[in-house]
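Colleague: Could you walk me through this model, one question at a time?

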Amino acid sequence: MKVLMSGNEAIARGVYEAGVRFAAAYPGTPSTEILEEFSKYEGVYAEWSPNEKVAVEVAIGAALAGEKALAVMKHVGVNVAADPIFTVSYTGTNSALVIVSADDPSLHSSQNEQDNRNYAKFAKIPMLEPADAQEAKEFVKLAFEISEKFDTPVFLRSTTRVSHSKSLVSLEEPLPHQDKTRISYNPEKFVMVPAYARLRRVEVEKRLVNLKEYAEIFSENKMEINNPDVGIITAGMPYNYAKDVFPDYSYLKLGMVYPLPEKLIREFVAKVKKIYVVEELDPFLEEQIKAMGIKVIGKEIFPYTNEFDPGIIENAINKSTKPSTASVQNIPSRPPNLCPGCPHRGLFYVLGKLKVFVAGDIGCYTLSFMKPLEGLHSCICMGASIGMAHGMSKALKEKGKGKIVGVIGDSTFIHSGITPLLNMAYNKSNALIIICDNSTTAMTGMQEHPATGYTLLGEKTKQLDLKVLVSALGIDNIRVIDPYDLKETRNAIKEELAKDGPSVIISQRPCVLFKRSKLKTERALKIDPDKCTGCKVCLGLGCPPISWQKIEKKEGSKREGIAMIDETLCNGCGLCMQVCKFGSIS
Amino acid sequence: MDNEVKSILLAGVGGQGILRASDIMCEALMEAGFDVKKSEVHGMAQRGGCVTSHVRYGSKVYSPLAKLESIDIIISFEKMETMRYLNYLSKDASLIVNSEKIYPPAVNIGDLPYPKDITKLLQERYKTVQKIDATELAQKAGNVKAANVVLLGAISNLMEINSAIWEKIIKKSFPEKLIKMNLAAFQIGKTA
Ligand SMILES: Cc1ncc(C[n+]2csc(CCOP(=O)(O)OP(=O)(O)O)c2C)c(N)n1
């Protein structure tokens, strides 16, 4: 049976078809749907772990206990999980372990564009790269086979375009789950002290030699000899782009991007005249192929940045630089915005008006860096806000007193904010940290986390009490505020900034899109056109339903326009009512 | 080998039901026996930003993304969004343009005007431009939310899929109580 599936749905399906029933992940675009889909299958264990490092460690533990396991994350998640990944490469997996890295060429929803194929080489772990949903399903199954056969973790690399494209997939009967779990002891293999790790280090090199041999016969490293004038070496989605515009050229499509099949590459090279290596981002294949002494054309004609499309490959190879005839029209941009009634809006409205530096973090609230709020001044990676706020305040000393704030979402705080907050208490910081607690992981689509009190499988569980946790870390000044109350929010921030020592404010109010929210959205607000002076103060909230339109100036009136609220969008949060000095909103 | 691949672009604003519409379109194409691929971008784009989906079909499709100047049909769910993707349209592209205007922030707060004379510009440049008030037509069918299905009805006239297939897929795509209304919306769009 054929069905239409996204790459992510297909990966989940493949894992299930492989008889695997154990997976852990932390959400992150474009990887999130893999675990959400997997968790819907009968009889699986799937969890949101607090971060990617924990997810990988959970999967390693399951594999050590004999259960085949999957860990899933976006590309930057692999940075967080890199520590266990580099050493589980030494220990091997006992059962089977597959790590999915979903990369994001073009940074559709990420803070950087790193090419995680480099991790495969760096950690000496084989990596498969599918080109569409059908392959995504097949390759994840092959990844489990390779993991088991070679006692190695295996990477499956997806990209946004593979994860979020849909195409036809043939479903197969899932293999039944086999319970092979048991406790086994093998310290030489699993206690990575120097003496044992040195021995395992040698095994890793032997394994790589075996994997290279395997790559030569791996069924998904495929040669297609058509027109012998041009040969294209490629992998993943760029294969589809190239085939789209050059269906008649010859291809070597690599299903395994590390390690490379050197003999197969030489065989291909001998059959074609001119060779192009077509790959997005880094010259990962190109450098390795050039190191074999083979002449290929690569990054001298293809871009390093952004994802490709068929036209980019066509133009690069045909050397055409013809400008597009129908240029894009210059029309107003449509940046993403905080939702109407978003609890982050009130907090960042206040922060933007105070003369403070706000070290930001990643989540929906990052959007408040934009006009008109401009309430966030840095964003590096998840958890960075707290360490950075502390570092800034230490470096600035008196100059920074009362001027440094770190803001972090609840999911992000749990992901990687706890340790740096402990550090602030320990190293006597002076900065203020605000936890934007909207009771969910909003940015990636409302995932559960330890402070929501529910698991991925929908079970009720022990709910983390953020206030108790913050207190246990050694923070004495803690208060909880409602960001819908601008006055309370402003006063709390000012008071805490005036204090010596670190403070934490928990800004608490569920996301407006939150499914379990007990708070019903309030009735839509209205602006009284007779009372509105057209002063534009309410526009400073950047709230989508509020607009402002010119009106004809009346005799003796300074009023040039009035504000209006689109009732179909307004959630009635009341912020505009609080900022209006003329009582014209009700 | 004759492998003509057709490319459709669905464009608009988050919340307009674009991804749902492109899913229904792909299911219908699959049912009609085509190979089909579609691509879309989730994530940040959903918070009120632009949303697009490429749908490509033929006897064998490789790329889920169309190249510039190659789109055969664009359905624009929001009027001005059409203008953002003109560089994707082929010279002979057909355009279906919803008259709904959703103001972007800069227009909302009076900093920039909403672009004028869009239809005129499009008609000067392209032979087949169909204007359609999908929101109003959806209301006639019983629910403004069905504007996306009205637009599917409109594009169905330009695609090689028979009505029975569309009907079957629409029935499959909605809960029982919304089926009648969506079938009506499709029909209204088809005859608009
Ligand atoms: C290491 C890493 N993992 C995952 C992500 C993807 N991601 C960005 S923000 C975010 C969570 C945001 O949740 P929260 O902090 O609660 O803020 P909210 O969006 O709810 O305001 C996630 C998972 C990332 N950028 N980096």
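Modeller: Happy to! A:P372 sits in the loop between strand 14 (357-359) and helix 15 (384-396) of chain A; helices (H or I, at least four residues) and strands (E, at least two) are DSSP runs, numbered from the N terminus. This is a predicted model, where local features need pLDDT of at least 70, side-chain atom pairs count only at pLDDT 80 or more, and totals for chains, interfaces and linings use all residues. Residues are numbered from 1 along each chain as its sequence is written, chains are lettered from A and ligands numbered from 1 in the order in which they are written, and side-chain values use heavy atoms, with hydrogens and water left out.

Colleague: Which residue does a cis peptide bond join to A:P372?

Modeller: Omega of that bond is about 0 degrees. The partner in the cis bond to A:P372 is A:K371.

Colleague: What is omega for the peptide bond from A:T29 to A:P30?

Modeller: A:P30 is in the loop between strand 2 (22-25) and helix 2 (33-38) of chain A. The bond from A:T29 is cis, with omega near 5 degrees.

Colleague: Is A:K397 buried or exposed?

Modeller: A:K397 is found in the loop between helix 15 and strand 15 (404-409) of chain A, and its phi is positive, near 50 degrees, though the residue is not glycine. Buried means under 20% relative accessible area, exposed over 50%, and partly exposed in between (1.4 Å probe, protein chains only). A:K397 has 63% relative accessibility, so it counts as exposed.

Colleague: Why do the buried residues of helix 11 of chain A lie on the same side?

Modeller: In helix 11 (residues 262-271) of chain A, the buried residues are A:L264, A:I265, A:F268 and A:V269. They lie on the same side of helix 11 of chain A because they cover an arc of only 135 degrees around the axis, the arc being that of the directions from the helix axis to the C-beta atoms. In general, an α-helix has 3.6 residues a turn, so residues three or four places apart point the same way. As for the value behind that shared side, the arc is only 135 degrees.

Colleague: How far apart in space are B:Y57 and B:F34?

Modeller: B:Y57 lies in strand 3 (residues 50-58) of chain B and counts as buried, at 2% relative accessibility. Beyond its neighbours within four places in sequence, its contacts (heavy atoms within 4.5 Å) include B:V36, B:M159 and B:F34. B:Y57 and B:F34 are 23 residues apart in sequence, and their C-alpha to C-alpha separation in space is 6.2 Å.
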